[in-house]
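The report that follows is meant for a reader who is meeting this structure for the first time.

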Amino acid sequence: MSELTFIDGYPEYMYESIKKVEKTRDRRIGKLVPQMSQKQREEILGRYHPDYTEGGKRRIKHGRNEGDLAPNELVDLLEALPLVKEDDVDLDKTDYETDVLIIGGGLAGTSAALLAVESGIRPERILLVNKLRHGDSNSTMAQGGTQAADRPNDSPVIHYIDAMGGGHFTNKPDVVRALTEDAPVVVKWLCDLGVLFDRNDDGSFVELSGGGTSRKRMHACRDYTGMEELRVLKDEFKNRRINVLEFHPVIELLTDGGTVTGALLWGLETHEYRIVKAKATIIATGGFGRLHIRGFPTTNHYGATGDGIALAYRVGARLLDTDTVQYHPTGAAYPQQIIGLLLTEKLRTSGAQPVNGDGDEFVFPLEPRDVEASAIIRECYGNGKGITTPSGMRGIWLDTPLIDIINGEGTTRKSFPGMVRMFERFGIDMVKNPVLVFPTLHYQNGGVETDPYGNTNVNGLFVAGEVSGGVHGKNRLMGNSTLDCLVFGRRAGVAAAEYVKTSAVDGKLTLDHLRAYVEMLKSAGVETKRRAPVLLPDYRGRAVLARMIDVL
Amino acid sequence: MDREDIMEMIKESNRSVTTGMDEKDIEHWVTIYVMGKEYRVPAVLTVMQAMEYAGYRFIRSCGCRAGFCGACATVYRTKDDYRLKTAMACQTRVEDGMYLVQIPFSPAQKALGDIESEEYDANVFLKWYPEIARCLSCNTCTKACPQDIEVMDYIQAALRGDFEKVAEISFDCIQCGLCAIRCPAEIVQYHVGQLGRRMYGRYGLPREENVEKRSKEVTDKKFDEEYEKTMSLETEELQSVYVEYQKTREVY
Ligand SMILES: Cc1cc2nc3c(=O)[nH]c(=O)nc-3n(C[C@H](O)[C@H](O)[C@H](O)COP(=O)(O)OP(=O)(O)OC[C@H]3O[C@@H](n4cnc5c(N)ncnc54)[C@H](O)[C@@H]3O)c2cc1C
Ligand code: SF4
Ligand code: SF4
Ligand code: FES
């Protein structure tokens, strides 16, 4: 392609399509494509959703979940060899002795730490370790909001029903009850800590609906919800003087043969290992977007490589719902610098409509995410009505100017400062022009199975947040994930504290389970050189990689 | 079109962002200087992506990759310009002739205290961060802020003890530290903003009635019976209850 002429940040040919979108705008206001029937939903999912179409998954061949389907990239992770061998490290010298070890400092891990303190564990007996900085996480990036059924026409039970329906009735009922019943308590907790949820002039919350919710119950902080929630929790965490160790990912759990007794850390910068002994261990490592399932770009942070699942599986934890992955319907498709980054569902909740290259609407804007994503893929690849970008991606328009038209001038800037800023940085005004979107890899629906208190089937091991499975079933609704992390982070903190006080054992620190795991891989016929956890993705240019040698 | 083909096509169209870039896909190049060393990189990339293309694998200076976490603070200068500019590496496109360095960390001190036992008093800011009294009103912080926040204004509001203004102005702060690094008075603006927001949220805003009421109802186990009833439904029954609620859906 030679030089392109740009108008308002778009190449001329894309801008011509924007003109068509403008032409149909008046007709589309207030008129939505009807929601699909259950049957239509199933059909479109089967044909166009990356989870349902052939070629993306295979069966797990070993361990607790033998026979279960999972994305190839996840099975690769489970079928990988450990990063260290038992004799590489001296496990007799413990560097840290703790009551509660928390792995990962997103909303789940940080909440767990605070509640462990509240349950009587001394702050100096807690250690939170993080791969990157405390706070570099998916939690920081949550834009749209957190669900809690607190309005008079709503109830936790209706929230329960919505979450079950959204998950196609495959969710674990007892954990969904905990999720929805704790929600108002959690939101109140955050308010008391000083979180600034959006308010109306009379002091009541501004609450919006989300895809699949039957009531308005989304609590947002502009479009920086997760950032606001986490920075407040982090501030409280620091004020309480809880120990934290950054840039030290866990590369293996330690066990006494059955019970988890601590973890092995690796210094990202200095490359030395460290050993933590812990009475209780909570995994809160978040999701796996950076594994780029099916080659999709992702909304996730740099460290989202699914480490927690690999670690937990090696010590015998059971996984649940590994077969589904959430693709967010609206990731940025243009410009190239921000491909895959999230355009929050709240934009559609506020009136933005998906529109094809001819300017025509083609789907109800707030279908459950998997259905909405499939409809967009169909429009681009099945119906050929998408726009192809200079980098070769296809996408459809999200008609964002509607937000100001419907809600009044200035709404977009006020409610979506983060989004407006992001596009402005790359020369696009989303208040004036629509933005191009395509589904992006967003969320790990499945994960380690827990009970409503974060207990796993492995003694001494607790799990909370995105790394867990069960609560969202096969599909998560917007606003239920930050909630999940807060609810089960808190619960796991309480349960771990209780466990420390009542039933923790003073076990040995060994890596014995690795030998058994590698044996298991062998007997399942897995031959591999892959190693896990992955820790970080690699985006270095191919030309450099081809010439890289190790001499120092 | 074959379904698997569609997935293959999608994968192919995303290759340049899901793996390192291949030279053959690059049309336009620019030259940048990372800590003084020259690299030729694709013109379409962000500073962060360009450094990766050049061979850096980030440990520091890379978190969310989307402008939310403040890990990738960058100081740079462009060709023939003496001014030092600031930006987030994940949110800034490379320019030809850019000289840049990452500032992954600012050794700023955060005061430790207890919000819960604090009074909602205008002097709180000076108590926690007495150094704000040294503000020279030079506006350097505002100029440094990649979020275009009027940083000086919220420091001035803190000096007046105006919690609401501090909260409102500082809200979009991603705590990147660039303001603090540039401040001649060694003020740690972003921690001051955090204190103001928490104080305002805790004491300045009214308690929200609905959530107060509902969380009490939950603690009083008001929903036990309804949960038990709903949870005992067969999937098909639950499905029809779900459909009924979806019909009464509040959309906008
Ligand atoms: C862009 C975006 C927008 C979102 N918007 C919403 C929304 O509007 N509403 C909603 O409810 N949900 C939303 N979500 C989902 C939600 O934010 C996340 O699912 C949730 O915050 C995950 O929290 P977590 O604590 O489980 O994990 P994270 O917040 O990801 O934290 C995990 C931490 O563990 C660390 N870690 C990982 N591996 C290791 C290791 N081996 N050793 C040590 N540390 C490790 C990571 O570095 C990270 O800091 C969004 C997600 C994204 C990515
Ligand atoms: S840079 Fe420092 S001294 Fe200057 S206005 Fe900002 S806070 Fe005040
Ligand atoms: S106020 Fe300071 S820390 Fe916050 S975003 Fe602006 S420059 Fe960064
Ligand atoms: S990496 Fe988080 S703001 Fe750039």
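Which backbone atom lies 3.3 Å from an oxygen atom of ligand 1? In this predicted model, a backbone N or O atom of G479(A) lies at that distance from the ligand oxygen.

The residues around ligand 3 include the cysteines C145(B), C173(B), C176(B) and C179(B), together with Y154(B) and Y190(B). The shell of ligand 3 likewise has no charged residue, and it divides into 9 nonpolar and 3 polar ones.

**The contact between the chains**

Chain A brings 123 residues to the contact with chain B, and chain B brings 99. About 10200 Å² of area is buried between the two chains, and carbon and sulfur atoms give 55% of this area. On the side of chain A, the three residues F169(A), R231(A) and R542(A) supply 7% of the area buried against chain B, which is more than any other three residues supply.

Polar and charged pairs also cross this interface, where 12 salt bridges are found and 52 residue pairs are in polar contact. One of the salt bridges joins R177(A) to D224(B), with their closest N and O atoms 2.8 Å apart. Several helices of chain A each supply at least two residues to the side that touches chain B, among them helix 2 (38-48), helix 5 (156-166), helix 6 (173-193) and helix 7 (225-239). Helix 6 of chain A gives the most, with 12 residues. Taken by class, the residues on this side of chain A are 51 nonpolar, 35 polar and 37 charged.

**The two domains of chain A**

Within chain A, the domain assignment gives domain 1, made of 6-51 and 326-441, and domain 2, made of 82-325 and 444-514. The centres of these two domains, taken over C-alpha atoms, are separated by 31 Å. Their contact takes 31 residues from domain 1 of chain A and 29 residues from domain 2 of chain A.

The area buried between the two domains is about 2600 Å², and 54% of it comes from carbon and sulfur atoms. In domain 1 of chain A, the residues that lose the most area to domain 2 are Q326(A), K346(A) and L441(A), which together account for 28% of what that side buries. Elements giving two or more residues to the domain 1 side include strand 15 (326-332), helix 10 (369-382) and strand 19 (435-443) of chain A. That side has 14 nonpolar, 9 polar and 8 charged residues.

**Local details**

Side chains of opposite charge can pair when their charged atoms come close. Over all chains, the whole structure has 65 salt bridges. In one of them the side chains of D162(A) and R217(A) meet, at 3.0 Å from N to O. D162(A) lies in helix 5 of chain A and R217(A) in the loop between strand 8 (207-208) and strand 9 (218-219), so the pair ties together parts that are 55 residues apart in sequence.

| Cis peptide bond | Omega |
|---|---|
| Y334(A) to P335(A) | about -5° |
| A532(A) to P533(A) | near 0° |

Of the prolines in the table, P335(A) is found in the loop between strand 15 and helix 9 of chain A, and P533(A) lies in the loop between helix 15 (512-523) and helix 16 of chain A. Another backbone detail concerns R222(A), which has a positive phi of about 45° although it is not a glycine. R222(A) is found in the loop between strand 9 and helix 7 of chain A.

Methods: Residues numbered from 1 in each chain as written. Chains lettered and ligands numbered in written order. Predicted model: local features only at pLDDT ≥ 70, side-chain atom pairs only at ≥ 80, totals over all residues. Heavy atoms only, no water. Domains from an automatic or database assignment. Contact = heavy atoms within 4.5 Å. Buried area = accessible area lost by both parts, 1.4 Å probe. Helix = DSSP H or I, 4+ residues; strand = E, 2+ residues; numbered from the N terminus. Nonpolar A, V, L, I, M, F, W, Y, C, P; charged D, E, K, R; others polar. Salt bridge = Lys/Arg side-chain N within 4 Å of Asp/Glu carboxyl O. Polar contact = N/O pair within 3.5 Å; in protein donor to acceptor, adjacent residues only side chain to side chain. Near = heavy atom within 4 Å.
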